[in-house]
Amino acid sequence: EVRETHLDDKVGTVDAACAAFKSGGDELICSGFISRAAEVPEVWPRAEDAWRTVAQSSEGGDRIGAAWRRLSSWYSALGDSDGARVALRSMVSLDPEQPDVWVRLGDLARNEGRTGEALEAFGEAERRLEGDRASELALRSGEWELSGLSMREQAVASFERAFESAESVEGQVAALEAMVRAHSTREDWPALYAALGRLVALQPDAEATVGHLAQRATLATAYLDDPEAAVDLWQETLRRGGNPKDAWRALDSLYGQLGQLSEQAAAIAERATLADEESRAELFRRYARLHVGPLDDTEAAERGWRGVLATEPRDIEALMGLRDRCLETADHGELETYEDLLVSELPEEDARRLGILRDRAERLSTHGGDPSAIRELWESILIADARNTQARQALADLYETQEEWPELEGLLNGWLEHLEGDAQELVLRRLGTLRVDRLGKTKDGIAALEAALAMSPDEDQILSALKRG
């Protein structure tokens with residue numbers, strides 16, 4: 001103390017502290033003197049000799065171990081890894097039951113790239129530890145093996161030891177989470193699936209558990225070919241508050257894969273309620289198609305089509321679907337609304353548009369509707385499709401009933417250019433008879449009848465009309 005405080009004799013301080021230590025002085029106090037004196041670089045060699053002398057002394061095992069510990073720290077501070085390793089090895093030679101010393105040896109070897117030596121030292125340390133401390137070291141070794149050495153199988157074994165040693169749930173969870181990363185890196189999907197299952201059973205964090213369930217479900221679908229298990233797992237995520245969009249999207253696909261169409265329709269409906277406006281219409285469309293087709297439930301299909309129209313009010317497929325539903329339920333009020341929209345939206349020559357006009361004309365005719373409205377419908381069809389035989393026949397009958405002879409003549413005359421054979425002969429016969437009997441156009445009527453006779457010379461009816469002419 002005199003040398004340090006009053007004489008500022010650092011070399012003398014080191015020598016006196018070393019002598020005091022060898023004589024049984026307090027290790028902590030003596031080491032403090034040495035450490036403070038050794039702050040000056042020129043004293044370092046003397047301090048090293050002092051600690052080494054104490055460490056190599058044959059007296060006082062505890063103080064010898066303490067000296068080696070101090071010496072190893074000294075070498076580490078100086079960056080002298082060889083000196084530190086000698087000191088640490090000396091410590092475990094004196095007393096091998098020092099896990100922290102083995103860990104320091106392992107860290108030293110790892111930092112210098114001596115992998116085998118490092119793993120051996122960590123193993124020695126782990127064997128001398130228990131509980132969470134052993135688990136933490138095994139976990140640390142496994143992380144190094146996995147990320148630093150790409151020793152994936154060894155890493156899995158280390159994580160398994162970490163799990164088995166852990167006393168706390170947190171320690172077990174940490175080991176299993178590390179195991180999950182290892183199996184994922186190895187692309188060992190069955191092992192990953194099993195490790196995630198262990199995590200789900202143990203994990204106290206509800207949000208993390210939902211994530212593990214979803215990951216297991218994805219594995220069951222993509223790699224394990226087990227859609228039934230995937231369905232159960234996604235349903236469990238829903239029960240535990242998982243992301244409903246992800247779960248219902250997956251269930252939609254899985255139910256379709258399994259042919260469980262009622263369940264798939266229910267999943268689609270759930271998705272539609274959660275979807276943004278851009279996606280909602282297509283989901284409702286799929287829902288409606290399922291019920292129109294294999295599920296054969298037009299009432300449910302109606303809900304789907306209405307869902308489509310809520311977003312896309314002029315959607316042709318939905319309007320057609322609702323029109324069919326109105327025809328089924330005889331709801332003529334809404335039927336006309338949907339038909340008007342369809343007639344305005346569909347191309348003029350579209351077969352569906354012409355079918356709607358035809359059906360409406362036939363309904364009006366059956367229920368004694370306004371003849372002018374019926375006539376307008378058939379004429380609209382004929383404008384779009386000049387070859388439409390049904391429209392021409394219906395108009396011909398309507399004109400004849402209304403005794404609109406000029407209109408009937410024009411219709412029949414225009415019809416001829418679209419006909420041939422027996423059909424043409426029938427129209428010529430009707431046209432000729434009309435001109436002779438109703439219009440007073442004897443010459444034109446005879447010409448039409450003669451043309452018809454040329455096509456069917458044995459027709460008594462044609463000959464009779466010619467005689468009247």
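Predicted model: local features only at pLDDT ≥ 70, side-chain atom pairs only at ≥ 80, totals over all residues.
Reader: Which residues gather in a patch of negative charge on the surface?

Author: A patch takes residues with over 30% relative accessible area and no salt bridge. Here the members are Asp225, Asp226, Glu228 and Asp232.

Reader: Take Glu228. Where is Glu228 found, and what is its relative accessible area?

Author: Glu228 belongs to helix α14, residues 227-239. Its relative accessible area is 47%. Exposed would need over 50%, and buried under 20%. Glu228 is therefore partly exposed.

Reader: Now Arg392. Is Arg392 buried or exposed, and what is the nearest side chain of opposite charge?

Author: Arg392 is buried and has no salt bridge. A salt bridge needs a side-chain nitrogen of Lys or Arg within 4 Å of a carboxyl oxygen of Asp or Glu. For Arg392, the nearest side chain of opposite charge is Glu417, 6.5 Å away.

Reader: Which residues is Arg392 in contact with, leaving aside neighbours within four places in sequence?

Author: Arg392 sits in helix α23, residues 389-401. With those neighbours set aside, Arg392 contacts Leu382, Ala386, Leu411, Gly414, Trp415 and His418.

Reader: Why is Gly131 classed as buried?

Author: Buried means under 20% relative accessible area. Gly131 has 11%, so the label applies. Gly131 is part of helix α9, residues 131-148.

Reader: How far is the C-alpha atom of Gly131 from that of Ala166?

Author: Their separation is 5.2 Å, with the two residues 35 apart along the chain. Ala166 is also a contact of Gly131, along with Ser165 and Glu167, once neighbours within four places in sequence are left aside.

How values were computed:
Residues numbered from 1 in each chain as written. Heavy atoms only, no water. Patch = residues over 30% accessible without salt bridge, like charges linked within 9 Å, V, L, I, M, F, W, Y side chains within 5 Å. Areas by Shrake-Rupley, 256 points an atom, 1.4 Å probe, with all protein chains shown as cover. Lys, Arg positive; Asp, Glu negative; His and termini not counted. Charge placed at Lys NZ, Arg CZ, Asp CG, Glu CD. Helix = DSSP H or I, 4+ residues; strand = E, 2+ residues; numbered from the N terminus. Buried < 20%, exposed > 50% of the residue type's maximum accessible area, 1.4 Å probe, protein only. Contact = heavy atoms within 4.5 Å.
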